[in-house]
Amino acid sequence: MSNFVGVLVSDPWLQSQFTQVELRSLRSKFLSTKRESGHVIVGDLPPLMGKLKGLKDVVTEQEIAGILAESYSETSHELDFESFLRAYLNLQARVAEKSGEMKNSSSFLKATTTTLLHTINESEKASYVAHINSYLGEDPFLKKYLPLDPASNEFFNLVRDGVLLCKLINVAVPGTIDERAINTKGVLNPWERNENHTLCLNSAKAIGCTVVNIGTQDLIEGRPHLVLGLISQIIKIQLLADLNLKKTPQLVELVDDSKDMEELMSLGPEKLLLKWMNFHLKKAGYKKTVTNFSSDVKDGEAYAYLLNALAPEHSSPAVLDTKDPNERAKIVLEQAEKLDCKRYLSEKDIVEGSPNLNLAFVAQIFQHRNGLSIDTKSISLSQMMPDDIQVSRDERAFRLWINSLGIATYVNNLFEDVRNGWVLLEVLDKVFPGSVNWKHATKPPIKMPFRKVENCNQIIKIGKELNFSLINVAGNDIVQGNKKLILAYLWQLMRFNILKLLKNLRYHSQGKEISDVDILNWANSKVKGSARTPQMESFKDKNLSYGIFLLELLSAVKPRAVNWKLVTTGESVEEKKLNATYIITVARKLGCSVFLLPEDIIEVNQKMILTLTASIMYWSLQQTGGSFEPSEEDSVSQTAPSDGEGSAVAESISDLAIDDAASDTSQSENGNSTIGG
């Protein structure tokens with residue numbers, strides 16, 4: 001890592017708000033101002049900030065000075081670089097709020113919650129409240145508070161204890177949270193509310209929400225724009241859950257050949273929904289192509305044609321004969337209700353082109369009647385593409401991890417989205433600041449194939465400089481979409497990031513590298529002496545499938561974290577799944593950002609067990625100031641197997657055998673598992 005010198009700030013959240021390109025530019029401007037007088041004060045900011053992105057030509061120096069005066073009473077107040085960055089973020093947010101630039105922006109479509117996302121209009125709020133009333137109205141805990149009045153703000157008070165948000169996540173992706181771990185008593189203390197919101201945010205990341213700019217305090221305070229921004233993402237994930245070939249293999253009917261199939265597989269759910277809509281519109285004789293859920297559907301004609309094609313028994317010529325868009329929208333909604341589509345929008349929302357609500361409306365129509373064949377030869381085409389279960393799980397974990405980093409590009413399909421190299425360069429720049437030479441990188445859309453290879457060659461070059469195992473691997477392997485190689489690279493990248501974070505916490509270790517053995521030793525030292533479970537021999541120890549060791553570890557780092565009355569012996573598959581789900585929920589409630597599934601624990605996926613253990617270790621060391629230093633004696637006694645293979649424990653995790661993946665073998669020469677196995 002000594003080769004890369006990026007711009008680092010002490011606050012990880014603040015670091016996450018900027019790319020390295022932005023940080024370098026901002027630091028340059030900050031230092032240039034500082035050189036002139038030896039320091040930077042609040043009075044220096046108006047002319048400086050007035051030239052920055054998002055503020056230039058939007059706000060005057062006088063207005064900037066006025067906003068700054070709200071936070072700083074003296075213009076002579078001296079600022080460090082981090083205070084400068086915070087002032088810039090605050091100005092961006094205030095200017096955006098004033099101009100209303102985010103009013104028409106779709107949190108649904110962007111799948112993001114940022115400091116610049118501002119109040120969603122009342123119509124959208126009413127739709128979200130209606131959704132909550134519909135899906136959570138019979139919940140044993142929440143039914144005493146529901147239904148909520150969409151016109152009031154009691155909704156924001158209800159989210160403050162975190163229960164509603166956690167349960168809404170489980171509606172979107174059932175089983176994400178073990179609801180036994182949610183704090184649900186009548187009156188929660190501040191710590192219990194914080195635990196619920198910590199669980200909520202980590203679980204939201206684990207289903208694909210982007211929440212890099214939102215904290216537990218924002219939810220506890222019920223900040224409207226952040227709460228609604230998060231809820232819009234959760235609802236979006238629920239409504240678009242079936243828009244993929246796994247859930248709806250009939251979607252192959254939208255394409256004619258294998259080349260088109262590759263394109264179909266690369267589409268995100270929203271684009272797939274548009275493709276489905278246009279497929280039916282074309283068959284119905286509609287002459288236009290719908291490219292968005294706003295201006296292209298405002299006149300209601302596309303909806304009229306779509307519903308006529310999907311539900312002719314509920315349609316009538318009157319919907320197309322009417323010249324009044326409001327009247328047409330009204331008829332369209334009446335027809336949709338006959339398909340049992342919940343009314344999430346009004347005629348006004350259609351006519352005004354609300355992108356969030358129109359997306360929800362079309363998704364509802366798709367869920368109730370997609371109009372695709374049930375049994376055609378096309379479905380066999382999807383069955384011709386077997387998807388390895390472990391590969392699918394790993395793809396999910398790495399995709400969610402990448403999206404949790406808050407990079408500019410949102411990844412919908414890992415294997416397709418990384419092929420041009422840009423996403424992986426963004427990830428490298430986020431994880432290892434300064435590692436990417438952006439002058440030699442090409443941003444999408446990329447028309448020339450060799451530019452994609454150049455991007456991917458730089459990815460391989462950086463990986464080798466980070467000592468990744470990349471034998472016989474070239475950038476073109478990523479361009480070609482070699483799944484095993486992509487997963488192997490990402491596993492090494494994720495693992496390196498975890499070890500780097502742990503090393504940074506171990507400030508007293510004088511640069512000593514953290515290894516897998518250190519993580520293993522730390523976990524065993526915490527659970528040492530437990531009567532419930534033996535020590536962990538390795539991260540592929542089959543005893544881990546019972547879940548007891550991991551629960552003991554969680555209990556050791558925070559004694560009240562585990563309710564042992566809820567823990568089973570883990571003897572049956574059902575009991576193991578209960579324990580595994582509880583482990584993941586408790587870890588997230590503690591503050592760990594993890595992306596594994598219960599099956600990864602049950603089947604002892606060593607990669608995911610390592611990341612889970614390391615995440616627990618990272619959280620624990622944050623609480624104790626990084627005060628873990630295993631003794632040499634512990635290292636020997638806790639990691640050396642009885643057969644004397646010593647270092648094989650660590651090697652079995654660290655060695656990813658990418659060269660073997662390249663030759664498509666399932667085992668490396670020394671018998672270690674490959675990444676896709």
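This is a predicted model: local features need pLDDT of at least 70, side-chain atom pairs count only at pLDDT 80 or more; totals for chains, interfaces and linings use all residues.
Local features need pLDDT of at least 70 and side-chain atom pairs count only at pLDDT 80 or more, while totals for chains, interfaces and linings use all residues. Residues are numbered from 1 along each chain as its sequence is written, and side-chain values use heavy atoms, with hydrogens and water left out.

The protein comprises 34 helices and 0 strands. Both are DSSP runs numbered from the N terminus (helices H or I, at least four residues; strands E, at least two). Of its 677 residues, 54% are buried. Buried means under 20% relative accessible area, exposed over 50%, and partly exposed in between (1.4 Å probe, protein chains only). Contact means heavy atoms within 4.5 Å. Among contacts between residues at least 6 apart in sequence, 64% join residues at least 24 apart.

Helix 27 spans residues 516–527. Its 12 residues reach 17 Å from first C-alpha to last, close to the expected 16 Å. The expected span is 1.5 Å times one less than the number of residues. Helix 27 is mostly covered, with 10 of 12 residues buried. Among them are Asp-516, Asp-518, Trp-522 and Val-527. Gly-529 follows the helix and has a positive phi, near 90°.

The structure holds 12 aromatic pairs. Rings of Phe, Tyr and Trp (its six-membered ring) pair if their centres lie within 6.5 Å; planes under 30 degrees apart count as stacked, over 60 as edge-to-face and the rest as tilted. Phe-141 and Tyr-145 have ring centres 5.9 Å apart and planes at 55°, so this pair is tilted. Phe-141 is buried at 12% relative accessible area, whereas Tyr-145 is partly exposed at 31%. One aromatic cluster is formed by Phe-432, Phe-468, Tyr-489 and Phe-496.

Charges also sit over rings (NZ of Lys or CZ of Arg within 6 Å of the ring centre and within 35 degrees of the ring normal). Arg-532 lies over the face of Trp-564, 3.8 Å from the ring centre. The charged end of Lys-576 sits over Tyr-546, 4.9 Å from its ring centre.

Leu-597 occupies the loop between helix 29 (573–590) and helix 30 (598–602). Leu-597 is partly exposed, at 22% relative accessibility. Lys-577 is 20 residues away in sequence and 9.8 Å away in space, C-alpha to C-alpha. Not counting residues up to four places away in sequence, Leu-597 touches Arg-393, Arg-396 and Ile-584.
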